[in-house]
Amino acid sequence: MERWIERWNAYWFPETTTLYLSITRIVMVATQLFWFFPKLERHFNLLEKNSEFINPQLLISGIAAIGSRETLFTPSTFTILYWITAVAGVAALVGLVTRISLFVFSLGIWIFVAHAYSYGDRHHPEAVFAIVLLALSLAPAGESLSLDALLRRRALPLIDRVKASVKVDTAMWPLKLAHVLLALTYFSTGMSKLILGGPAWLNGYTLQNYTLGDAVSRDIPLGIWVGQQHRLAIGLSFFTILIETFFFVSLLLPWTAPFIFVGALLFQIGLLVTAGHGFYQHMVLLVLLLFFIRPQWWQAWRNKYVEHSRPSLTASLIRSE
Amino acid sequence: MRSSKTWVSIFILLVITLHAVPVLNPLLKKRTWPFLDWTMYSKSRPPGPIQAEKRRIIGVTSTGRKEPVTPFLVGLSPFVLRASYEQPMWRGDSSAARQLFMRLNLQREDPFVELRLESETYTVTDTGLTKQKNAVATYQAGPLPSR
């Protein structure tokens, strides 16, 4: 048992600085605030044109159980929630009372998304991102690059300020959780195609039909063109199944992770430009994982090209003097 | 520090385990966001013609104005609008049309009196993509549809 706990801790809680986690906080909060932020008009429209929920999400049912739909699900309550979420988001972005602001921000986002999906429809893009956003509030995401860190450092005597940037073992688990959840969800999607669709999913006709259907209804010229290319569709079908089913390999063989993340990113971009499936949240997570889950590849590149160029720059400056 | 790692471990295990709920319990499947069943585009199609249909609903108001019936206008998502109204109406279900009229006209000063279902079929052929306009289906506001 102890060996298992050791392994668990070694995987989820390695010692690192909090820098990557803090950059993750800034990127995720900024994209959520300025790119994926809920639109009040959409929620007002849902509230106004539906007297009841169709398939209320459990979170929404829980909230409705506290009060009632008539009192809690009104335009004025949603306006208040909107502004609380926005203010918490700005505070989380700059790292002010980071844990609490991150928690309030992610809770607000959860409520808005769950509300939008309580009228008979739900989609996948926000799910993993929302979970990771909540996870950030349980991690030291405000230890670096934040007002909290700045104020804390200012309060310290000068000699102790160096110690303020020590390594911790709780700064990697949210990124690792994002990695595991993406692996889980991609695997689930890939396996469902293989189990429900069978080998025929790779026949090219399947992907052509799906792509043409989405591209025609959304007026996407590239998708309409792809929908007519049978051989390309066969190739893309294999690529889809490979990426989805074998994304988890990046967990087992960490050296493959950067290649698989780039592959998955290309897959998501492909889905967007051919069929209009906007998994933007997945793209943001994949970019963060690409740089932070196994940073050795770009650190090696940086050491090789950037660090080497510095002495020569210094030498040329000395020569010019 | 050790206790915080324990809590975090519980959180991680909980988040991963909760993903099993929509898979194991089909009744809860549609209500467990953000813990979802990730089955998407999983059905396969046999070899055959590649076809796609573009459909829309156009509403005609009492003053003769034509207006596209959009998901926003109905107050539902495109998927629910399609599944609950558009597809049944294409199959000739007049009760779906009646319900849609009721939804649309609830707060309108210029109510819809007619709904026109228009569509085109796109087919991939050896020479490229062909487009064929299909017959329009019409529903009048009232107890009986005129199809």
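**Helix pair in chain A**

I began with a crossing, and I noted that helix 3 of chain A and helix 7 of chain A cross in a left-handed sense. The model is a predicted one, and I kept that in mind for every entry below. I then looked up the geometry of the pair: helix 3 (residues 40-49) of chain A packs against helix 7 (residues 98-116) of chain A at an angle of about 45 degrees, and their axes are 10 Å apart. Because of that angle, helix 3 of chain A counts as oblique to helix 7 of chain A.

Which residues meet where helix 3 of chain A and helix 7 of chain A touch? I found R42(A), H43(A) and L46(A) on the side of helix 3 of chain A, and F112(A), H115(A) and A116(A) on the side of helix 7 of chain A. Sorted by class, this contact of helix 3 of chain A with helix 7 of chain A holds three nonpolar, two polar and one charged residues.

**Chain A overall**

I looked up the secondary structure of chain A, which comes to 17 helices and zero strands. The C-alpha trace of chain A spans about 65 × 55 × 55 Å along its principal axes, and of the 321 residues in chain A, 39% are buried. For contacts in chain A between residues at least 6 apart in sequence, I noted that 77% join residues at least 24 apart.

**Cores**

The largest nonpolar core has 90 residues, and V132(A) and L285(A) are those with the most contacts inside it. Helix 8 (residues 127-136) of chain A supplies the largest share of this core, 10 residues. A second core, separate and made of six residues, includes L207(A), Y210(A), L236(A) and Y41(B).

**Contact of chain A with chain B**

How many residues does each chain give to the contact? I recorded 54 residues from chain A and 39 residues from chain B. On the side of chain B that touches chain A, the elements giving two or more residues are helix 1 (2-18), strand 1 (51-61), helix 3 (71-74), helix 4 (78-90) and strand 3 (112-125) of chain B. Helix 1 of chain B gives the most to that side, with eight residues. By class, I noted 23 nonpolar, 10 polar and six charged residues on the side of chain B that touches chain A.

Definitions and conventions:
Residues numbered from 1 in each chain as written. Chains lettered and ligands numbered in written order. Predicted model: local features only at pLDDT ≥ 70, side-chain atom pairs only at ≥ 80, totals over all residues. Core = buried A, V, L, I, M, F, W, Y, C linked by C-beta atoms within 7 Å. Buried ≥ 20, exposed ≤ 12 C-beta atoms within 10 Å, placed from the backbone. Helix = DSSP H or I, 4+ residues; strand = E, 2+ residues; numbered from the N terminus. Axes fitted to C-alpha atoms, helices over the stretch in contact; angles between N-to-C directions. Parallel < 35°, antiparallel > 145°, perpendicular 65-115°, else oblique. Left-handed = near helix turned anticlockwise from the far one by under 90°. Contact = placed C-beta atoms within 7 Å. Nonpolar A, V, L, I, M, F, W, Y, C, P; charged D, E, K, R; others polar.
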